Amino acid sequence: MRYRPVDLGRAVGLSAQAVRNYEQAGMIPPAARTASGYRVYTDDHMGALTAYVALTVGYGYRAAGEIMKAVLGDDLPTALAVLDTAHIQLHRDRETVERVASAVVLLASGPPATRDSAGPVSIGVLAHRLGVTPATLRKWERAGILAPTRSRTARTYHADDVRDAELAHLLRRGGYPLQHIAAVIEQVHAAGGPGPLAASIDQWRERITARGRAMLTGSARLADYLSSSI
């Protein structure tokens with residue numbers, strides 16, 4: 001079947017110009033041209049565009065573009081590697097939300113370090129309470145996890161800093177990299193503390209589930225395209 005740019009666009013909710021742009025960017029195969037220069041698309045283009053649009057929802061525009069360029073370049077292993085990487089990240093995010101949920105419960109119950117703290121503490125005192133070295137706390141600071149008050153060369157940790165350190169310690173024991181922990185701490189700050197964060201855990205889970213389902217749909221549309229183009 002033959003399609004105009006506007007036909008492809010309507011089928012997936014895009015403008016004709018967007019279809020042309022995606023063709024130029026290599027997200028769908030090049031179109032044939034009529035004698036007068038008009039683009040002519042086929043079912044192959046429809047399948048590729050449907051797959052690309054579906055992939056963007058779950059995998060994002062960058063990954064979807066890498067996948068389609070690899071597929072159209074007959075490099076299926078690279079396309080599958082991008083898919084694998086995205087699913088690994090989704091699994092890590094799912095683990096993180098469950099780990100954060102557990103950590104928030106512990107923090108809300110008042111862990112020893114926070115409950116016993118009568119005021120700001122030094123790096124040595126906090127390190128001792130957590131069972132880590134001062135060098136570890138300095139490393140967490142460089143990673144953006146902690147932001148203690150500085151007075152010349154001395155560091156002072158207030159209640160929120162202690163809470164962040166305890167949460168980081170829990171996540172670190174779970175094997176999470178520092179950059180991942182920093183993102184979790186940012187979530188705590190954005191939520192306004194462990195209490196509000198606990199209330200948003202279910203929404204976080206729902207977003208992860210929605211992304212997982214979108215990835216499943218995108219993968220299915222890609223599989224359809226691969227089957228039809230063999």
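Q: Which residue forms a salt bridge with R155, and how far apart are the closest N and O atoms?
A: Side chains of opposite charge can pair when their charged atoms come close. In this predicted model, the partner of R155 is E141, with the closest N and O atoms 2.6 Å apart.

Q: Are R155 and E141 buried or exposed?
A: A residue is called buried when its relative accessible area is under 20%. R155 has 17%, so R155 is buried. E141 has 18%, so E141 is buried as well.

Q: Which other salt bridge links distant parts of the chain?
A: R39 and E23 meet through their side chains in a salt bridge, at 2.8 Å from N to O. R39 belongs to strand β2 (residues 39-40) and E23 to helix α2 (residues 16-24), 16 residues apart. Both R39 and E23 are buried.

Q: How should I read the salt bridge of D7 with R4?
A: Check the distance, then the accessibility of each partner. The closest N and O atoms of D7 and R4 are 3.1 Å apart. D7, at 23% relative accessibility, counts as partly exposed, and R4 is partly exposed at 48%.

Q: How many salt bridges are found in the whole structure, and which residues are linked in a network?
A: The search of the whole structure finds 12 salt bridges. E98, D202 and R205 are linked in a network of them.

Q: Which residues gather in a patch of positive charge on the surface?
A: The patch consists of R138, K139, R142 and R172. Helix α7 (residues 134-142) gives the most to it, with three residues. R142 lies in α7 and, at 66% relative accessibility, counts as exposed, because the cut-off for that word is over 50%.

Q: What does the span of helix α8 come to?
A: Compare the distance between the end C-alpha atoms with the expected value. Helix α8 (residues 159-173) has 15 residues and reaches 21 Å, close to the 21 Å expected at 1.5 Å a residue. Just after α8, G175 takes a positive phi of about 90 degrees.

Q: Is α8 mostly covered or mostly open?
A: Helix α8 is mostly covered, with 11 of its 15 residues buried. Among them are D161, R163, E166 and A168. The C-alpha atom of A168 is separated by 8.1 Å from that of A182, 14 residues apart along the chain. A182 lies in helix α9 (residues 178-191) and is buried, with a relative accessible area of 15%.

Conventions. Residues numbered from 1 in each chain as written. Predicted model: local features only at pLDDT ≥ 70, side-chain atom pairs only at ≥ 80, totals over all residues. Heavy atoms only, no water. Helix = DSSP H or I, 4+ residues; strand = E, 2+ residues; numbered from the N terminus. Expected span 1.5 Å × (residues − 1). Buried < 20%, exposed > 50% of the residue type's maximum accessible area, 1.4 Å probe, protein only. Patch = residues over 30% accessible without salt bridge, like charges linked within 9 Å, V, L, I, M, F, W, Y side chains within 5 Å. Areas by Shrake-Rupley, 256 points an atom, 1.4 Å probe, with all protein chains shown as cover. Salt bridge = Lys/Arg side-chain N within 4 Å of Asp/Glu carboxyl O. Lys, Arg positive; Asp, Glu negative; His and termini not counted. Charge placed at Lys NZ, Arg CZ, Asp CG, Glu CD.
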